Amino acid sequence: MKKIKIISNPSSGSQTHARDLTKLINYLIEDNFVVQLFKTKGKNDAYNEALNTSSDEWDLIVVSGGDGTVNEVVHGICDSESDIPITIYSTGTVNDFATYLNLPSTPYKLYRMIKTGKIIKSDVGKVSNEDSHRYFINVFAVGNIASVSYVTDKAQKAIFGRLAYIVEGLKELPNTLNQPMELKIKTNDDYLEVKSPIMIISNSNTVGGFENICPQAKIDDQKLDVLIIKHSRLKEVAQILIDAFSSKHIYSEDVLYFQTDTLTIESNQTVPGDVDGEYGGNLPVKVEINNKPINILVRSD
Ligand SMILES: Nc1ncnc2c1ncn2[C@@H]1O[C@H](COP(=O)(O)OP(=O)(O)OP(=O)(O)O)[C@@H](O)[C@H]1O
């Protein structure tokens, strides 16, 4: 592994990571790696750069950014059907997928992992409707409260970090509980109609900074974990959140939890979806495991 492209979103998270990135680049160059730094300037830059990064020319993409930048890079790699591995130097506010993978958070440890790590395969979720498709490496969330992740202002996130999400989420919560979505969900062997304030389809167990929201999720089981909170009042939703700390929430009668490799979701209402924290289009959608997994460099221990 000698030629490394770094795709970096300088605006992600607290926006103070440029110095760490320089350190990482120095460690690599001193060790005779060839390194190219690509800085994004706006939406789709990371996607286009990943789309055009060939595994014939490069050995690894290091994504430096938040979940949104990771999502764009995964989208580019899936669209080009490339085998190039990625790893993540998290600089975002929440960084669910990197947290799940326990990736290093200092430049030196990341450099060591690039030298000694191993490649694993991860499933990728694909969300499609009639005229477009998106991918998610971590989560597809359905409902207005999911939009908190992309309507929260970058400047607020830079200053307040995760608190900015919590404040936006609390603002949206009464509306979400009072006006549940009416969803029609079809899997290979089931059909259900359910009223729900939020639905989550996850590849890993870590969502919105919380571990074990989908406790049975594994990134290499070719399954998506679906969690639906049924229409309920604040008291029951609060209990579900408390139970989530010990993974008991999936047994609640106010929760539906199952695994599948494909499903369709429809609604008569206008319902937005969110892929890895970025807007992912409105229902109806088909959600499935992409036909090709992605290669990820992780620690070898
Ligand atoms: N130079 C830039 N300036 C402003 N916005 C950018 C820039 N480069 C990329 N973006 C936008 O940032 C989005 C992704 O942000 P990302 O998720 O990496 O960081 P974040 O929002 O701070 O982190 P988190 O998702 O963890 O809160 C991209 O979808 C793109 O629209």
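**A helix pair and a buried threonine**

Helix H1 passes helix H5 in a right-handed crossing, that is, the near helix is turned clockwise from the far one by less than a right angle. The contact (heavy atoms within 4.5 Å) is made by Asp20, Lys23, Leu24, Tyr27 and Leu28 of H1 together with Pro107, Tyr108, Leu110, Tyr111 and Ile114 of H5. These residues divide into 8 nonpolar, no polar and 2 charged; Ala, Val, Leu, Ile, Met, Phe, Trp, Tyr, Cys and Pro count as nonpolar, Asp, Glu, Lys and Arg as charged, and the others, Gly among them, as polar. H1 covers residues 18-30 and H5 residues 107-116, and their axes come within 9 Å and cross at roughly 35 degrees. Axes are lines fitted to C-alpha atoms, for helices over the stretch in contact, with angles from 0 to 180 degrees between N-to-C directions.

The model is predicted, and local features need pLDDT of at least 70, side-chain atom pairs pLDDT 80 or more, while totals for chains, interfaces and linings use all residues. Residues are numbered from 1 along each chain as its sequence is written, and side-chain values use heavy atoms, without hydrogens and water.

The protein has 9 helices and 18 strands, which are DSSP runs numbered from the N terminus (helices H or I, at least four residues; strands E, at least two). Of its 301 residues, 53% are buried, meaning under 20% relative accessible area with a 1.4 Å probe, protein chains only.

Thr187 lies in strand E9, residues 181-187. Thr187 counts as buried because its relative accessibility is 13%. Leaving aside neighbours within four places in sequence, Thr187 is in contact with Phe258, Thr260, Thr262 and Leu263.

Methods
Buried < 20%, exposed > 50% of the residue type's maximum accessible area, 1.4 Å probe, protein only.
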